Amino acid sequence: MSVTKELFFTLPDGTPVHRYTLANARVSFSVLDRGATLQRVALQGPGGKPVEVLLHYDEPAAVLTCPDYLGAFVGRVANRIAGGRFTLDGKEYQLACNDGANHLHGGVDGFDKRMFRLARAEDDLLELALTSPDGDQGYPGKLDLTVRWTLLEDGFSLEWEAAADKPTPAAFTCHAYWNLAGRDAGPDAMLAHRLRIFAHRYTPVDEGLIPTGELAKVEGTPFDFTDFHPIGERIGQDCPQLALAGGYDHNFALDEAAGPDGLRPLAQVMSPATGVAMSIDTTLPGVQFYSGNGMQGHPRRSGFCLEPQTFPDAVNQPAFGQDVILRPGETRRDAIRWRFTF
C-alpha cells in the first residue's frame with residue numbers, strides 16, 4: 001500500500017491543492033490538503049463493481065464555493081455557538097457569525113477553507129497539520145492541529161491532536177455526506193437507507209437550531225433510531241422539532257461508554273439498493289444526524305451526515321457536562337472510524 005499524490009486544482013492566488021489517495025483491494029479514499037477534506041470514497045461493491053459512496057463535486061474548483069462543508073474537517077469548534085459568544089475565565093469573546101446570529105463550524109473563514117501542511121504520507125497513513133493563530137475568527141490562543149487518516153482493511157479512520165498556548169474552545173469533526181446507494185443515487189435512495197443510532201436521548205433545538213439544554217428521550221418520537229428505521233420513514237411527520245429543522249438536524253447523545261480502544265459505537269446504516277453497510281465508532285459523546293435538508297451544492301436530501309461531535313453550544317451549556325476548553329499543556333485527542341461491509 002502507498003499514498004498517491006496528484007495536483008487537484010490551483011487556487012486563484014496560485015496555491016496548488018493536492019489530492020492524496022489511499023487504497024487497498026476493497027477501499028479507496030482521497031483527502032485534499034485544503035480543509036483536510038475527505039473528497040472521495042469508493043468501495044469494491046457487490047460483484048466487484050466499484051461504488052462511490054461519498055458526495056463530492058465533479059469540477060474540482062467547485063470546492064471553493066461549496067456551501068455545504070462537503071467532506072471538510074471543521075473547526076475550531078464544530079456545529080453552532082449561540083450568538084457567536086462565550087465567556088472563558090471571566091472574559092467574554094465574540095466570534096464571527098456566519099449562520100444568522102450564530103457561529104457555525106468555525107466561522108466565516110473556518111478550517112474547511114484552510115490549507116493544511118503535509119506532515120507525513122507513507123504506507124497506509126496520511127498526516128496533515130495546521131496552525132491557527134491567536135484571534136483566529138475571534139478565538140483566543142494559537143492552536144496547533146494534526147489530523148491523521150489511516151487506511152484499514154475494510155474502511156478508514158481519522159484521528160486528531162490539538163494543543164494551544166492559551167485556553168480556547170476546541171471541538172472538531174468531519175462533515176461527510178454519504179449515500180451508500182451511490183453518490184449520484186439521489187434523494188429517494190438516501191431516504192431509503194436503514195439507520196440505527198446508538199442513542200436513547202437527543203438534544204431538542206430552538207428556532208436557531210441551538211440546543212434548548214434538554215436531554216429528551218427518543219422513545220415514541222421520530223428520533224427513535226434505537227432500532228433500524230428508513231431515514232425517510234418519519235421525516236414528514238407532524239413534529240415540532242422536525243418542522244424547526246426541515247427534517248433531521250439534531251444532536252444525539254451516545255449511549256455506550258468507550259471501550260478499551262477508546263471508541264464507542266455511534267451508528268450503523270445500510271442501503272437496500274446496494275446492500276452496502278457502514279458502521280461508525282468514535283471517541284466523542286454525540287453525533288449530529290443531518291438529513292441534508294438545506295443542501296445547496298447537490299439536490300436536497302441527496303446525502304446524509306453523521307458527524308461525531310461534542311454537543312452543540314456546549315461552551316455555553318455547562319449542564320451538558322462537556323469541557324470543550326483546551327488549556328495550555330493539554331492535548332485534545334479524538335477519533336472516528338468508518339467500516340464497510342458489502
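Mentor: With a definition. On a 1 Å grid over the protein atoms alone, a cavity is a set of points where a 1.4 Å probe fits but cannot get out; lining residues have an atom within 4 Å of a point. Grid points are joined across faces, edges and corners, and a volume is the space filled by probe spheres set on the points. This is a predicted model: local features need pLDDT of at least 70, side-chain atom pairs count only at pLDDT 80 or more, and totals for chains, interfaces and linings use all residues. Residues are numbered from 1 along each chain as its sequence is written, and side-chain values use heavy atoms, with hydrogens and water left out.

Trainee: What volume does the second largest cavity have, and which residues line it?

Mentor: About 40 Å³. Its lining is W160, A170, A171, F172, L284, T310, R332 and D334. By class, that makes five nonpolar, one polar and two charged residues. Ala, Val, Leu, Ile, Met, Phe, Trp, Tyr, Cys and Pro count as nonpolar, Asp, Glu, Lys and Arg as charged, and the others, Gly among them, as polar.

Trainee: And how much space lies in the largest cavity?

Mentor: About 60 Å³. It has 13 lining residues, and V77, F311, D313, A314 and V315 are the closest to its centre.

Trainee: How do I read a nonpolar core?

Mentor: In soluble globular proteins, nonpolar side chains tend to be buried together. A core is a set of buried Ala, Val, Leu, Ile, Met, Phe, Trp, Tyr and Cys residues joined through side-chain atoms within 4.5 Å. Buried means under 20% relative accessible area (1.4 Å probe, protein chains only). The largest core here has 67 residues; L38, W149, W178 and W338 touch the most other members. Another core, of 13 residues, lies apart from it and includes F8, L32, Y177 and Y290.

Trainee: What is the strand order of the nine-stranded open sheet?

Mentor: β11-β12-β13-β14-β27-β23-β22-β17-β20, with antiparallel pairing. Strands (E, at least two residues) are DSSP runs, numbered from the N terminus. Two strands pair if DSSP finds at least two bridges between them. β11 (117-122) and β20 (229-230) are the edge strands, each pairing on one side only.

Trainee: Why is β12 largely enclosed by the rest of the structure?

Mentor: Because seven of its eight residues are buried. β12 (residues 125-132) joins β13 (residues 143-152) over eight antiparallel bridges. L128 has V147 as its bridge partner in β13. With β11, β12 forms a hairpin that has two residues between the strands; D123 in the turn has a positive phi of about 50 degrees.

Conventions. 1 Å grid on protein atoms, 1.4 Å probe; cavity = no way out; pocket = protein on both sides within 12 Å on 5 of 7 lines; lining within 4 Å. Buried < 20%, exposed > 50% of the residue type's maximum accessible area, 1.4 Å probe, protein only. Helix = DSSP H or I, 4+ residues; strand = E, 2+ residues; numbered from the N terminus.
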